[in-house]
Amino acid sequence: MSKGASSRPRRILAAWFPRWPTDHLKKIQPSLDAASAPIVLYEKAKSALRIRAMDARAAKLGFYRGQALADARAIEPNLMALEADRDEKARAFRRLAEALMRYSPIVSVQETGEVFIDITGCQRLFGGEDVILEDLTSRIRRAGYSVRAAIADTPGAAWALARYGEAGVVEEGAHDAAIASLPVEALRLAPALSDRLRRLGLKRVGQLYDMPRAPLTARFTKTLLLRLGQALGTEPEPLTPISPAPLYYSERNLAEPVSTLEAVKSILSPLAHDLAVDLARDAAGARRFEVSLFRVDNHVTRVQVGASAPARDAGHIVRLFSNRLDDLQDDYDAGFGFELLRLSAFDVRPLAVRQRAAFDLTSDRAAQEEALAELKDRLSNRLGGKNVCRVRFRDTHLPERAAVFTPVIAPEEKPEHSPGAGARPVKLLPRPEEIEAIAEVPDGPPRRFIWRRVAYSVARANGPERIADEWHRKETPGATRDYYRIETPEGRRFWLFREGLYGRETGKPRWFLHGFFA
């Protein structure tokens with residue numbers, strides 16, 4: 001499936017978890033669920049402890065968010081109060097939201113306890129929107145969380161129905177009528193703005209439909225019109241996915257969960273074939289692939305592989321994942337089995353069709369390049385992306401900076417060409433090592449030098465090759481270097497340099513050994 005534009009309107013599923021903080025707390029601490037006392041979570045605000053969230057039992061007692069904890073204890077002495085941990089709850093909710101990517105790759109968390117899912121085009125994969133909604137709500141409730149969800153044409157309308165209306169599916173184009181009777185709070189307005197509307201007698205969303213826009217803007221700022229437009233679909237509201245949405249993907253919803261690696265690999269083959277067909281149709285290839293394994297218990301396992309060049313060959317993709325899955329056997333945990341597998345393509349780039357006919361003189365070279373690229377991919381994904389590198393040249397005069405190792409599967413940067421220079425040693429030390437040298441004249445080649453406590457005599461010397469420091473990269477450039485190619489009576493050849501121009505940059509130049517010639 002590609003992301004190609006669709007003539008159909010967007011369909012958004014909004015899910016609201018009204019008791020998420022306390023539901024999650026009861027799930028990780030089952031003893032709290034067994035207790036009969038109402039539970040609230042509090043946090044410190046304005047030098048007072050105030051209620052942040054509560055369970056259903058506490059809500060029935062009339063407690064409300066922002067209420068002072070002392071007032072709540074006065075009403076219910078047996079109240080169980082625990083300090084809220086926003087960061088931990090946010091991380092846990094994100095993990096749950098990732099599990100909801102089984103319905104669509106585009107899942108957006110608005111705030112902890114609220115999530116939007118763009119299910120446009122995904123209905124046929126599950127048998128309809130009613131099936132998606134029923135499966136989502138029943139799955140979440142079985143996991144121990146309360147939830148309300150609705151599907152509409154816009155995120156604003158779906159959110160309004162999930163929070164204040166009848167949760168369910170609204171037909172295409174009927175969202176304006178569906179939210180007309182809802183209170184103005186359903187437009188996601190700040191409490192102060194909602195109170196101002198109510199004081200003027202504007203209590204329902206439908207009352208705002210035919211009102212002149214200019215007076216509304218002047219009295220209630222642009223926020224009201226923005227939220228109203230987003231709910232009705234006249235104002236755009238893009239969703240920010242929790243993970244980048246793939247340009248192309250294929251998936252299998254299994255009737256029976258699978259748990260073995262062999263079963264996962266067997267399903268990957270048809271997924272890769274479907275993905276390759278979509279990529280070939282658009283003359284494209286991808287440099288990164290990801291397989292998402294959705295477990296029955298809502299846990300998601302993701303495995304990624306990279307490619308050094310855009311690829312779309314199904315066999316090559318399967319081989320990359322086969323090697324990667326074999327390496328993960330120690331960390332492999334299928335739980336009660338995987339019921340949904342999705343193969344996604346990222347970093348998609350154009351990939352022209354290569355002719356392999358007899359009259360194509362470049363076909364052999366193209367085949368060799370493709371084979372080399374596949375070898376790089378297999379080695380990188382087996383040994384680790386950072387362990388298989390290529391040399392990239394940089395535009396610099398300093399020898400130690402002229403070349404750098406980069407992973408072969410990393411995106412290629414703009415090529416830089418090292419400037420023309422003299423002969424370079426076959427082995428360059430990571431850092432120049434200081435030596436003791438004796439020269440006949442201060443600015444001449446050395447006659448003897450000591451490196452690592454071993455003395456060497458100089459039979460022949462060639463140079464100097466003068467290299468200045470990169471003044472444009474630093475505020476204070478370093479000293480100038482004079483490089484010499486040195487040969488000893490035994491035939492050993494070294495690359496030395498003197499740092500600093502005698503009499504102009506320093507009164508006592510230092511000598512360094514930088515490399516070795518063959």
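How much space lies in the largest cavity? The largest cavity holds about 40 Å³ of space. This structure is a predicted model.

**Cavities**
- A search of the whole structure finds 2 cavities of 30 Å³ or more.
- The lining of the largest cavity is formed by A14, A15, W16, E114, V115, F116, W159 and A162.
- At least two residues of that lining come from each of β1 (12-16), β6 and α8.

**The largest pocket**
- The largest pocket contains about 990 Å³ of space.
- Its lining is made up of 32 residues, and those nearest the centre of the pocket are W16, R65, E111, E114 and R163.
- Several helices give two or more residues to this lining, namely α1 (20-28), α5 (86-99), α8 (155-164) and α10 (191-199).
- Strands that give two or more residues to it are β3 (48-54), β5 (107-111) and β6 (114-118).
- W16 and E114 are among the residues nearest the centre of the largest pocket, and W16 and E114 also line the largest cavity.
- Likewise, β6 and α8 each supply at least two residues to the lining of the largest cavity, and both elements give two or more residues to the lining of the largest pocket.

**Cysteines**
- The count of disulfides in the model is 0.
- C122 has a relative accessible area of 3% and is therefore buried, since buried means under 20%.
- C389 is partly exposed, because its relative accessibility of 35% falls between the limits of 20% and 50%.

**Nonpolar surface patch**
- L372, L375, L379 and L383 together make a nonpolar surface patch of about 340 Å².
- One of these residues, L379, belongs to helix α14, which covers residues 363-383.
- L379 counts as partly exposed because its relative accessibility is 37%, a value between 20% and 50%.

**Residue P425**
- P425 is located in the loop that connects β13 (403-407) and β14 (427-439).
- Is P425 buried or exposed? With a relative accessible area of 13%, P425 is buried, because this value is under 20%.
- P425 and R19 are 406 residues apart along the chain, and a distance of 68 Å separates their C-alpha atoms.

Terms used
Residues are numbered from 1 along each chain as its sequence is written. This is a predicted model: local features need pLDDT of at least 70, side-chain atom pairs count only at pLDDT 80 or more; totals for chains, interfaces and linings use all residues. Side-chain values use heavy atoms; hydrogens and water are left out. A disulfide is a pair of cysteine sulfur atoms within 2.5 Å. Buried means under 20% relative accessible area, exposed over 50%, partly exposed in between (1.4 Å probe, protein chains only). Patches are made of residues with over 30% relative accessible area and no salt bridge: like charges are joined within 9 Å, nonpolar side chains (Val, Leu, Ile, Met, Phe, Trp, Tyr) within 5 Å. Accessible areas come from the Shrake-Rupley method with a 1.4 Å probe; for residues, only the protein chains shown count as cover. A salt bridge is a side-chain nitrogen of Lys or Arg within 4 Å of a carboxyl oxygen of Asp or Glu. Helices (H or I, at least four residues) and strands (E, at least two) are DSSP runs, numbered from the N terminus. On a 1 Å grid over the protein atoms alone, a cavity is a set of points where a 1.4 Å probe fits but cannot get out, and a pocket is an open set with protein on both sides within 12 Å along at least five of seven lines; lining residues have an atom within 4 Å of a point. Grid points are joined across faces, edges and corners, and a volume is the space filled by probe spheres set on the points.
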